[in-house]
Amino acid sequence: MLDYKNPGLVVETAKVEPGEITWRSPANLAIIKYWGKHGVQLPRNPSLSLTLSSSFTDMLLAYKPKETGERDIALDFFFHQEPNGPFREKVLKFLESVADIFPFLRQLDLTVKTGNSFPHSAGIASSASAMSALALCLCSLEHELFETLEDDGEFDRKSSFVARLGSGSACRSIFPVAAFWGASGQVHDSSDLYALPMADEIHPVFKEFHDDILIVSSEAKQVSSRVGHSLMEHHPFADTRYADARRKIHFLLQAMKKGDLETFGQIAESEALTLHALMMSGNPSYVLLKPNTLEMIERVRRYREETKHPICFSLDAGPNLHLLYPGEIIHEVRVFVDEELMPLCEKESYLEDWVGEGPVQI
Ligand code: DP6
């Protein structure tokens, strides 16, 4: 089993020059959902996501050698320029948990400055963009100090592995366009431990895909991933769900290779509604869809029926609708969104996002 623990990665502090590393890393939207896990973010079924573009986290990691022999990790933390205690605790706990992989972290004074491009109200899970940005910063720092990750493939794999330890879905944000995570006979080299790039396995139409995020409610409390995943542990439909996800993976991969937007849309919508059906039928039960989410779903389906345009929707663990469509119909869809969906949005607000090129070091 792949294990990145490496006690040899320690520095001679006297030789370390202070420095900083910055990564911008995007959110991703799962088409086949990761919902149910065991161990340290090991998925119960494979998932496949589109990498987004305009929803991202910027993260700067500054480091300098510690002046004392103190072993605890030393971290200053700023979120949107302000110190943030709860986020600092989360990051610190994560850094402690990966200190066997990056033992040099105990030898440095660290500062993290981070912020998101998207508002909290969008209901976009910031853990994927934030944890992938942090994992990329850590791998870059390792390479800076030890020149161990010259090979891009190895750099990405380790970043994805480390991102997964922070938040499962974060391991998919490392790659451009689309990513696959979870051991499956359908994808060569796939693993529960890290995600794989899928850009070369899919039709070009998906490289120009749009995802408009329609804000139905910014108030509604999302089910936290911790609660959501744990709901699957004793869920009466758990095994059926995992088998269904594996079956859908097969058809989704075929459809994405061919550019078959009809099958893609059927699977995306079925996964979105399955995720919510699992929450509704869990114990405790959660209903996160709002009347306007359902109204939007009806309008999207009616519009598709009438125009034959290949648009479809997805959902995260919240009420906001993700409207997915190929870039070539953006002008028609924009009119539909502005006239029919925007009035159903809270404060008439929606975010425009699209499939992107993955993280960049800045
Ligand atoms: C509904 O990755 O947030 O977005 O591993 O506990 O951090 P943790 O969970 P998280 O779960 C994502 C759930 C989802 C589906 C998905 O992105 O695949």
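Figure 1. Let's begin with helix 6, which covers residues 261-280 and so has 20 residues. In this predicted model, helix 6 reaches 28 Å from its first C-alpha to its last, close to the 28 Å expected at 1.5 Å a residue. Look next at the start of helix 6, where Asp 260 has a side-chain oxygen that comes to within 3.2 Å of the backbone nitrogen of Glu 262.

**Figure 2. Phe 264 and the largest nonpolar core.** Which residues touch the most other members of the largest nonpolar core? They are Leu 105, Leu 138 and Phe 264, in a core of 86 residues. Helix 2 gives the most to this core, contributing nine residues. Now zoom in on Phe 264: leaving aside residues up to four places away in sequence, Phe 264 touches Ile 31, Leu 50, Phe 206, Phe 209, Leu 252, Ala 255, Met 256, Cys 312 and Leu 324. As a general background idea, nonpolar side chains tend to be buried together in soluble globular proteins.

Figure 3. The structure holds ten aromatic pairs. One of them joins Tyr 4 and Phe 161 edge-to-face, with 4.8 Å from centre to centre and 80 degrees between the planes. Where in the chain do Tyr 4 and Phe 161 lie? Tyr 4 is in the segment before strand 1 (19-32), while Phe 161 is in helix 3 (residues 152-166), so this pair links distant parts of the chain, 157 residues apart. Both Tyr 4 and Phe 161 are buried. Phe 161 has a charged neighbour too: the charged end of Arg 164 sits over the Phe 161 ring, 5.1 Å from its centre.

Figure 4. Why is the pair of Phe 104 and Phe 146 called tilted? The ring centres are 5.4 Å apart and the planes of Phe 104 and Phe 146 stand at 50 degrees, whereas planes over 60 degrees apart would count as edge-to-face and those under 30 as stacked. Phe 104 lies in the loop between helix 1 (85-97) and strand 7 (108-116), and Phe 146 in helix 2 (residues 126-146), so the pair ties together parts 42 residues apart in sequence. Phe 104 counts as buried, at 0% relative accessibility, but Phe 146 is partly exposed, with a relative accessible area of 22%. Together with Phe 102, Phe 104 and Phe 146 form one aromatic cluster.

How values were computed. Residues numbered from 1 in each chain as written. Predicted model: local features only at pLDDT ≥ 70, side-chain atom pairs only at ≥ 80, totals over all residues. Heavy atoms only, no water. Phe/Tyr/Trp six-rings, centres within 6.5 Å; stacked < 30°, edge-to-face > 60°. Helix = DSSP H or I, 4+ residues; strand = E, 2+ residues; numbered from the N terminus. Buried < 20%, exposed > 50% of the residue type's maximum accessible area, 1.4 Å probe, protein only. Lys NZ or Arg CZ within 6 Å of the ring centre and 35° of its normal. Core = buried A, V, L, I, M, F, W, Y, C linked by side-chain atoms within 4.5 Å. Contact = heavy atoms within 4.5 Å. Polar contact = N/O pair within 3.5 Å; in protein donor to acceptor, adjacent residues only side chain to side chain.
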